[in-house]
Amino acid sequence: MSWKTLPVFTFLVLVALLATACGGGPTAAPAATQAPPADTSGGAGDTSPIVETVIVTVQVPAPAGTPQVQIQVAQAPGFGETLAAVQSRGNLICGVNGQLPGFSFLDPEGNYSGFDVDFCRALAAAIFGDPSKVEFRPTTTQERFTVLQTGEIDVLARNTTWTVVRDTELGLNFAATTFYDGQGIMVTADSGFTSLEDLEGGTICVQKGTTTELNLADAMSTAGVTYTPAVFDDVNATYGAYAEGRCDAATSDKSQLVSVAKGLLPDPDNHVVMDLTLSKEPLGPVVRHGDDQWFDIVKWVIFATFAGEEYGISTENAEEILNTTENPEFRRLLGVEGDLGLKLGLTNDFAFNVLNSVGNYGEIYERNLGEGTPTFIPRGLNSLYTEGGLLYSPPFR
Amino acid sequence: MAEEIAAPRQILPPPAERYTWLGWIQKNLFSTWYNSLLTFITLGLAYALLKPFLTWLLEQANWEVVEVNFRLLMVGQYPPDEIWRIWLLLYLLAAVVGLSWGVWVRGRLALALGLLLAPLLLALLPIATPSARLNLVAMDLVAVAASRMGRLGGPSLRRFAAWSWVIYLVLVILVVRGFALTPEVMPRVPTNLWGGLLLTCLLTVVGIVFSFPLGILLALGRRSSLPAIRAVSVVYIEVIRGVPLVTILFMAAVMVPFFLPSGITIDRVLRAMVGITLFSAAYLAENVRGGLQAVPHGQFEAASALGLSGFKTMTRIILPQALRIVIPVLMGQFIALFKDTTLVVTIGLLELLGIARAVLAQPQYVSYQREVYLFVAAIFWVISYLMSYISQRLESVLGVGER
Amino acid sequence: MQITRPSRSGRSTPFWRDERYLALLGQAVFLAILVLLLGYLARNMLANMRQQGLGLGFDFLKLTSGFDIGEHLIPYDRSSTFQQALLVGLLNTALVSILGIFFATLLGLIFGVARLSTNFLVQLLARGYIEFLRNIPLLVLLIFLYTAVFIKFPRVREAVMLPGPVMLTNRGIAIPWAIPTEAFSIFARFLGIGLLLALLVYLALKIYERRAGRPARALLWACLIFIMITVAGWLLAPAQPLALDPPRVEGLRLAGGRQMSPEFMALLVGLAIYTSAFIADVVRAGIQSVSRGQVEASRSLGLNTLKTLRLIVLPQALRVIIPPLTSQYLNLIKNSSLAVVIGYPELFHVSGTILNQSGRAVEMIAVVMAIYLSISLLTSAFMNWYNRRVRLVER
């Protein structure tokens with residue numbers, strides 16, 4: 001054999017090696033999703049029949065509130081895939097921001113904490129009964145949707161705004177709004193700026209690839225104010241530049257501005273959020289299209305935290321209420337009565353696990369954004385509907 | 001063998017020129033009017049640049065941020081209970097380096113002492129904990145012992161020393177990842193906890209180990225007379241060399257999951273490694289091709305005349321010569337690879353630079369960019385410089401490029 | 001199909017041992033596997049995208065972008081299309097690359113020559129410069145320059161005026177710039193005529209030079225003529241054709257002069273000095289490749305150091321320098337994509353924004369890679385052409 005054919009054969013060997021490497025990928029990589037071998041789905045390899053089934057089933061959507069949805073009903077092929085993958089993997093992979101104090105933040109000891117993080121833990125508690133079975137994957141704004149679309153993460157809890165384009169074209173489902181927010185503008189207290197017009201000719205720091213960036217352009221062109229955007233890749237770069245005076249103002253969701261001002265900037269008292277709102281920003285966990293069961297799970301875990309606050313069930317009294325309560329609504333929520341959990345593909349006590357280990361919405365809020373914390377944000381719209389807010393859980397029935 | 005045969009007559013160096021120090025200054029700094037002018041300009045420039053830097057370094061710089069976050073910068077979120085594995089690997093590294101030194105280099109006392117001094121200097125740093133100091137000193141002892149062993153074993157250990165490197169590189173990955181014998185012993189450390197300098201080094205090592213064979217294959221493919229293979233190699237090399245590494249990394253991070261069947265995902269550190277490897281292989285291929293071209297054609301003919309098969313001609317005759325020629329270029333390529341690993345911050349991995357940026361997000365250290373980035377730059381500088389210095393010395397020791 | 005080695009024994013070899021067939025077969029299998037692999041990947045991608053309900057196509061580039069870009073060389077606002085946004089990014093890449101190449105070459109030449117200086121201090125400084133920059137990652141340098149140098153400049157209200165006047169602030173650096181007045185159109189005509197005349201003179205002298213075989217200093221004369229006509233035009237114009245526009249602070253921003261944002265400056269300075277260290281080494285190697293005899297010969301002809309360098313050493317060194325120089329230029333262009341980390345809106349940065357706002361990951365990556373690839377191929381084609389020219393002149 002001539003040496004010239006050497007590369008051919010070595011390449012073949014290499015291809016074979018690569019193939020085995022890829023095949024070994026899921027087992028080799030601890031963070032990888034394990035494809036459930038025996039599943040309702042068409043299996044990992046054949047993808048083309050999936051498409052056709054999707055089209056069929058999309059026409060018969062089950063209304064979210066109807067509890068009679070039966071698991072045996074012919075479902076889209078993705079149905080149940082995510083939960084099965086999560087359960088066989090043994091932990092939930094949750095995409096978070098990772099740079100926002102109060103929402104998701106990595107402390108020097110290497111632990112994540114925050115509002116978004118707690119919803120991930122609540123989800124883990126609902127699935128495994130153990131809030132610690134969750135792996136946090138910090139995501140950049142650029143990759144956040146792609147990693148969700150491609151199944152690298154199971155759920156994205158990363159202050160993401162619910163919009164039409166994202167809900168449709170990007171193939172995402174917004175489970176529920178956990179935080180009602182609006183876009184604001186932060187300036188230094190000594191600047192004396194109070195309106196958009198004051199920023200004429202100024203520079204505004206904004207994060208790349210966000211709805212914020214678009215809203216800013218809209219608002220400024222409507223107000224007829226000329227400005228220069230300084231666009232950065234991540235939270236740290238954006239507010240780092242703002243803190244150094246590279247920009248006259250920084251814009252983002254008001255919650256983020258407060259979180260950053262209080263948690264990241266060296267002189268927290270020298271920054272004010274202007275008294276104007278550029279847009280509506282409903283933020284909440286996101287899942288991908290194609291697995292309605294998973295969508296339902298995330299949705300109802302969030303609603304369970306709302307309901308928990310409404311009924312006054314918290315980490316402190318959950319166990320006691322579970323044992324003593326006669327209230328049918330409480331009993332259904334906590335899984336003493338009925339089998340709401342089973343219908344979701346979980347255990348009946350999923351809501352109990354959430355409320356007992358992570359807590360209800362009010363607790364999660366107080367823990368991360370409440371008055372005692374450095375990142376205090378008044379609850380405002382994020383109060384129960386009974387207290388003038390927008391949080392309203394559909395009935396657990 | 002060649003050295004023994006061609007032991008040349010000793011060529012005496014020309015007599016050293018001797019100057020008084022004043023004479024030296026006159027010769028080297030003020031030989032002509034414009035040289036004097038240049039000297040003054042340089043002095044002025046150096047003063048203008050160094051003075052503010054030194055005043056900052058000595059008076060204003062506050063290294064507390066580095067001290068507090070030292071572990072984070074070195075190993076990221078790697079579990080503290082498992083850090084002994086890193087030490088183990090460092091010990092092994094010291095042993096392998098010592099052994100190789102004893103087998104191949106010997107002598108070169110100054111250089112050896114310099115290498116041994118490095119851990120000792122690290123141990124003297126105020127940041128080091130007592131146990132770290134102990135470990136660093138012990139590492140030196142291991143290295144010395146290993147080099148003694150290598151010396152005693154001499155050339156008979158050559159094969160062993162070469163293989164020990166290969167085994168070591170495989171061990172690095174295994175030990176860092178853990179192989180989960182039992183849940184308690186060597187548990188898996190998920191890649192999302194790998195970070196800091198550790199991740200930088202891992203990315204480099206993997207990039208070097210895997211891009212090397214791939215690069216050689218591509219170089220051979222480009223020189224192949226089979227048009228299909230040549231075309232594929234050329235297209236691969238030119239496309240990869242034509243685009244920035246960030247786009248390849250971005251593709252590896254964002255696009256690869258699209259290419260895999262649904263349900264299968266590859267770990268993202270692994271994906272970054274694949275991206276770096278594929279990128280580096282294209283550059284390596286061009287370097288190796290240069291070496292292949294430099295091997296005189298007579299070598300092919302001679303091998304052919306001896307009746308060697310094509311495969312044997314390549315592996316026994318041509319490649320060893322070609323690779324020997326390009327060792328300096330390859331070392332340069334590896335250093336570039338080491339520096340290029342910083343680009344993984346664009347896909348959100350927390351290697352040394354990424355961790356540095358994360359550290360700077362801690363509210364109490366927001367405005368310590370100078371300290372943190374200078375520290376990071378210093379680490380990169382020292383390691384790259386060491387790599388290039390050692391490669392230069394080894395070239396001269398091994399007589400690369402001379403024959 | 002190229003056949004490597006004719007089979008000597010003709011028919012007697014069965015085809016499965018015939019190297020020609022083996023080679024053919026090997027290639028066919030190789031290509032088949034490659035095509036299958038690529039097809040498999042493509043199929044997966046399409047299936048995955050369809051499952052998510054994502055489309056594939058480039059029509060979205062004509063949609064309204066909806067975002068603003070801080071620095072643009074062509075008119076652009078939120079109602080422009082994605083396509084225009086991409087063009088803005090491309091032009092910004094081109095701007096920083098061209099300027100970066102210019103300064104990197106200049107600095108590289110200086111430090112490359114200084115590295116070989118007989119003056120010990122100069123040599124030391126050059127060595128320190130080169131060794132320092134070569135051994136740190138560009139990204140660290142860029143981030144350092146941005147966050148620890150350019151953004152730490154004084155705030156707008158405390159702007160520092162350097163003589164020039166050059167204004168230093170953390171909003172950017174502004175240098176005085178000339179703006180055309182209404183008399184500029186007349187002056188522009190003079191410029192055009194001057195250029196034309198200079199070109200004609202240059203060509204005429206070149207032809208004369210070739211015929212007469214004597215150096216005619218064509219370039220010198222052409223330049224002189226151009227300068228003369230320009231000066232005449234300046235004086236003859238009814239008013240000053242160009243007005244000096246010094247930088248100043250106006251409200252929240254810098255106004256007047258030519259302003260360069262800190263992101264741009266950090267990127268430009270970072271790229272220029274980083275690449276210059278590599279170019280310096282290339283230049284040094286080129287100079288060292290010129291045999292010592294050449295220098296000695298030229299010195300004995302009575303040429304001074306500068307003339308020896310300019311007339312003897314550099315032209316010969318150029319042949320060695322150009323191929324590695326090309327790859328350094330290409331590296332610089334490709335490295336400009338690192339600006340994504342410091343926020344200068346070049347091609348990669350803008351494409352990232354587009355990707356995010358449109359959600360078209362596959363298409364955007366393809367577009368960006370295609371653009372960088374074409375830039376690289378064009379640049380290397382140009383440098384190859386130049387390299388051939390230099391060779392022809394030499395030999």
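Analyst: L162(C) has V166(C) as its bridge partner in β2(C). Strands here are DSSP runs of E of at least two residues, helices are runs of H or I of at least four residues, and both are numbered from the N terminus. This is a predicted model, in which local features need pLDDT of at least 70 and side-chain atom pairs count only at pLDDT 80 or more, while totals for chains, interfaces and linings use all residues. Residues are numbered from 1 along each chain as its sequence is written, and chains are lettered from A and ligands numbered from 1 in the order in which they are written.

β1(C) and β2(C) (residues 166-169) are joined by 3 bridges in the antiparallel sense; two strands pair if DSSP finds at least two bridges between them. They belong to an open sheet of 4 strands in chain C, ordered β1-β2-β3-β8, with antiparallel pairing. At its edges are β1 (160-162) and β8 (258-260) of chain C, each of which pairs on one side only. From one strand to the next, the twist averages 20°.

Next, the contacts with chain B. In chain C, 45 residues are in contact with 45 residues of chain B, a contact meaning that C-beta atoms, placed from the backbone, lie within 7 Å. On the chain C side, α1 (19-51), α3 (120-134), α4 (138-149), α9 (305-335) and α11 (361-394) each supply at least two residues. α1(C) gives the largest share, 11 residues. That side has 30 nonpolar, 13 polar and 2 charged residues, where Ala, Val, Leu, Ile, Met, Phe, Trp, Tyr, Cys and Pro count as nonpolar, Asp, Glu, Lys and Arg as charged, and the others, Gly among them, as polar.

α1(C) packs against α11(B) (residues 227-242) at an angle of about 35°, with the axes 8 Å apart. Axes are lines fitted to C-alpha atoms over the stretch in contact, and angles run from 0 to 180 degrees between N-to-C directions. A228(B), I229(B) and V232(B) meet Q27(C), F30(C), L31(C) and L34(C) in this contact.

Y372(C) lies in α11 of chain C. Its contacts, leaving out residues up to four places away in sequence, are G242(B), V243(B), P244(B), T247(B) and K334(C). The C-alpha atoms of Y372(C) and K334(C) are separated by 7.3 Å, although the two are 38 residues apart along the chain.

Definitions and conventions. Two residues are in contact if their C-beta atoms, placed from the backbone, lie within 7 Å.
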